[in-house]
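This report describes a ligand site and a sheet with its flanking helices.

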Amino acid sequence: MITEDIEIIKAYLKAGKNAVIPTETVYGLAASIYSDEAIQSIYKLKNRPFENPLIVHVSNKQQIKNLVTAIHPKIDLLINAFMPGPLTVVLPSNEKVSKYITAGKSTVAIRMPNHSLTRQLIDDLGFPIAAPSANPFQQISPTSAAQVNFYFSKFDLPILDGGPCQCGIESTIVGIVNNEPVLYRKGAISVDEIEKQIGKVTYNAPTIIHMPGMYKKHYSPTTPLKVVRDLSEVTEVEKQKKIGLLTFSELPNSSFFTTIKVLSETQNEKEAIKNFYNYLFELDQANLEQIIAIKIPTTSEFATLINERLEQASN
Ligand code: TXA
Ligand code: MG
């Protein structure tokens, strides 16, 4: 059920039930951090493996302090620079954090979403909420209430409609390993912006076993997806099919596509990221036999971000 009534959402979360919240990145499937039952039910609803921990959402810095044993000075700099905003920090957790949130790890991932409705919600509740993206395991993260409803309409699960997500892609996740900053997931805040604050950040540290997005398949449409460098890779057989195209900018000679989604007419990277999941979802809804996605042809950080997500979506 989609609603704009924050009171309904509050009542569900207070009662130890699940509800869906809007954020600036993607929609989240939420539970009170103090209800183990509601937290476990997140995993069941999403069909998510239990070893994949959840992010805790807070509305102020004191709530972060309440859940951790220490805040590394570099993480503190990031908190002050980017929160509220699309950044998640991984910190050593204290005993208040349920093992169902951390999946038994000694650390907890925390973020302060920059969405007025959700911050008001957490303020009013007075306790943080755990929330992964509101999609079934391995499917496309939802960037609107209607998309969440498509996934979960048959459940008793109110969805707080906060409009389309302004970033459209998940938060960037940063933590500390062996006293050094580590990037666990690329996301809405660029590594460049992070490094301006705290210096060099390492990606793919070998000590990390459970990397976010480590599952080979992720963010996937149900329609077969093929990622190509350019249209010469589209075969004659494919051209006879009902196919859709996802492209960064407009392309000549693409008349054999039934549907074409251009991520940004003006080639604006932020706009392209905002549209990415949304257009992938829409193409998936368009009854196509195949989706063709063109890799972004540059080596910018933004291009890598999109191209890696495309790679995971096509596995
Ligand atoms: O933008 C976002 O972060 C969205 C919105 C809803 O806030 N949430 C989101 O949650 O993307 P989810 O569950 O889809 O992805 C969270 C990622 C997982 O891949 C998980 O492995 C990682 O965060 N994570 C959680 N706790 C962690 C920890 N203690 N150490 C390392 N990674 C952790
Ligand atoms: Mg997710």
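## Ligand site

In this predicted model, an oxygen atom of ligand 1 is 2.8 Å from an N or O atom in the side chain of Arg 48, a polar contact being a pair of N or O atoms within 3.5 Å. A nitrogen atom of ligand 1 lies 3.0 Å from an N or O atom in the side chain of Thr 107, and a polar side-chain atom of Ser 133 is 2.9 Å from an oxygen atom of the ligand. The protein covers 97% of the 680 Å² of accessible area that ligand 1 has on its own (Shrake-Rupley method, 1.4 Å probe).

Ligand 1 is surrounded by 24 residues (a heavy atom within 4 Å); the closest are Thr 25, Asn 52, His 57, Arg 111 and Ser 171. The largest share of this shell, three residues, comes from β6 (strands are DSSP E runs of at least two residues, helices H or I runs of at least four).

## Sheet and helices

An open sheet of four strands has the order β12-β15-β13-β14, with parallel pairing (at least two DSSP bridges between two strands). Its edge strands are β12 (225-228) and β14 (259-262). Strands β13 (residues 243-247) and β15 (residues 290-294) are joined by four bridges; Leu 246 has Ala 293 in β15 as its bridge partner.

Helix α10 (residues 269-284) lies across β13, β14 and β15 (contact: heavy atoms within 4.5 Å), and runs at about 175° to β13 (angles from 0 to 180 degrees between N-to-C directions of axes fitted to C-alpha atoms, for helices over the stretch in contact). Helix α11 (residues 301-314) lies across β12, β13 and β15, at about 145° to β12.

## Conventions

Residues are numbered from 1 along each chain as its sequence is written, while chains are lettered from A and ligands numbered from 1 in the order in which they are written. Local features need pLDDT of at least 70 and side-chain atom pairs 80 or more, whereas totals for chains, interfaces and linings use all residues; side-chain values use heavy atoms, without hydrogens and water.

Note on methods
A polar contact is a pair of N or O atoms within 3.5 Å; within protein, one must be able to donate a hydrogen and the other to accept it, and residues adjacent in sequence count only if both atoms are side-chain atoms.
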